[in-house]
Amino acid sequence: AQKDGYRFFMEKEIYEQSAVVSDCMLGRIKDNEILFDEIEKSIIDGITEIKICACGTSYHAGLTSSYLFERLSKIKCSIEIASEFRYKEPLLTKDTLFIVISQSGETADTLEALKMAKAAGLKTLVVCNVDNSSMTRTADATILTRAGIEKGVASTKAFSTQTVVLWMLALYFAKAKNLISDETMQKELHTLREVPKSLCISDKIHEKTKRLSKRYLHGHGFFFIGRDVFFPLALEGALKLKEISYLHAEGYPAGEMKHGPIALADPELFTIALMPQNLLYDKIKSNVEELSARDSTICAISPLDFDLADDFVKINSCDHYMLEFFEMLIVLQLFSMEISIRLGNDVDMPRNLAKSVTVE
């Protein structure tokens with residue numbers, strides 16, 4: 001693993017995302033369906049619920065996919081934080097497919113949750129980046145994300161490949177259950193093929209995040225807000241910033257601001273607003289207007305111009321919300337990295353963190 005001219009491994013891995021997502025889709029996207037050689041279509045037989053278990057960034061990928069599983073495959077989907085799941089005496093029934101997500105396949109809490117599901121007789125599936133890891137040896141079936149070695153402690157390309165794999169899995173199940181029209185399937189497959197392009201980073205976007213970063217080095221915190229799949233993306237953006245810049249950041253569903261957090265709004269509260277054109281734009285716009293009226297400093301990320309924003313990062317106009325998702329992901333990752341660099345932190349090895357959490 002070499003930096004290949006990049007300043008940090010994290011920077012290299014952000015730039016690699018377009019290529020590794022292409023690898024992740026290779027041989028899996030066919031003309032009118034998704035194929036996974038690693039699993040049987042029968043895995044979904046008799047299943048009425050999917051339960052996803054993960055930690056950290058993998059949890060955010062799982063949370064994103066829970067919207068897609070219910071929307072596309074019409075299967076009830078719940079998501080659990082592995083460290084909580086283990087101790088809550090969960091009710092596990094055999095009509096549940098248990099999916100665990102991990103970059104390393106060694107995450108202690110997630111591995112123990114997987115073992116609990118196995119002991120309860122559930123069908124188990126792991127989405128993982130490391131073949132022959134503890135989880136891949138334990139689960140009934142494995143789907144590898146093919147992201148390559150990830151050296152940076154703050155996960156980047158693992159998140160994008162996990163999200164793409166789970167999105168493809170939602171389509172695979174939808175097809176297996178005959179619950180998706182050919183027209184919808186074609187649209188989703190076309191969108192999937194466009195994802196690597198959305199993950200290509202233009203010099204203009206990187207330069208914009210670099211210039212913006214100098215204005216966000218102080219203040220008393222960050223709110224990352226979004227709706228639908230952009231809520232897990234807000235959580236992921238906040239986690240990235242916390243991990244490498246050591247600044248306080250929270251991800252929130254935009255509609256929840258009125259239920260308490262808006263009390264914090266003032267010029268020293270930085271709001272990073274994820275405003276996709278193709279999904280609930282008017283709703284999120286209204287939420288951001290409320291924050292703006294209370295003098296919060298707003299940085300909007302959107303393909304549509306937003307006059308009330310103090311700062312604005314314009315992403316490409318896309319015809320599907322998931323393409324906007326990946327365009328925004330790039331901006332959030334670069335933004336966190338550039339702030340961390342300005343603060344003089346070690347981007348690849350943040351304090352107190354380990355790449356793989358193998359203890360409780």
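Gly27, with a positive phi near 75 degrees, follows helix H1; helices here are DSSP runs of H or I with at least four residues, strands are runs of E with at least two, and both are numbered from the N terminus. The model is predicted, so local features need pLDDT of at least 70 and side-chain atom pairs count only at pLDDT 80 or more, while totals for chains, interfaces and linings use all residues. Residues are numbered from 1 along each chain as its sequence is written, and side-chain values use heavy atoms, with hydrogens and water left out.

H1 covers residues 9-25 and bends by about 50 degrees at Gln17, the bend being the angle between axes fitted to the seven residues ending there and the seven starting there. H1 is largely enclosed by the rest of the structure, because twelve of its 17 residues are buried (under 20% relative accessible area, 1.4 Å probe, protein chains only). Gln17 is one of these buried residues, as are Phe9 and Met25. The cover over them includes H6, H7, H8, H9 and H11.

H6 and H9 also each supply at least two residues to the lining of the largest pocket. A pocket is an open set of points on a 1 Å grid over the protein atoms alone, where a 1.4 Å probe fits, with protein on both sides within 12 Å along at least five of seven lines; lining residues have an atom within 4 Å of a point. This pocket has 27 lining residues, with Cys55, Gly56, Thr57, Lys355 and Val357 nearest its centre.

The second largest pocket has 22 lining residues, and Ile205, Lys314, Ile315, Asn316 and Glu327 lie nearest its centre. H7, H8 and H11 are among the elements that give two or more residues to that lining.

Technical notes: The expected span of a helix is 1.5 Å times one less than its number of residues. Buried means under 20% relative accessible area, exposed over 50%, partly exposed in between (1.4 Å probe, protein chains only). Contact means heavy atoms within 4.5 Å.
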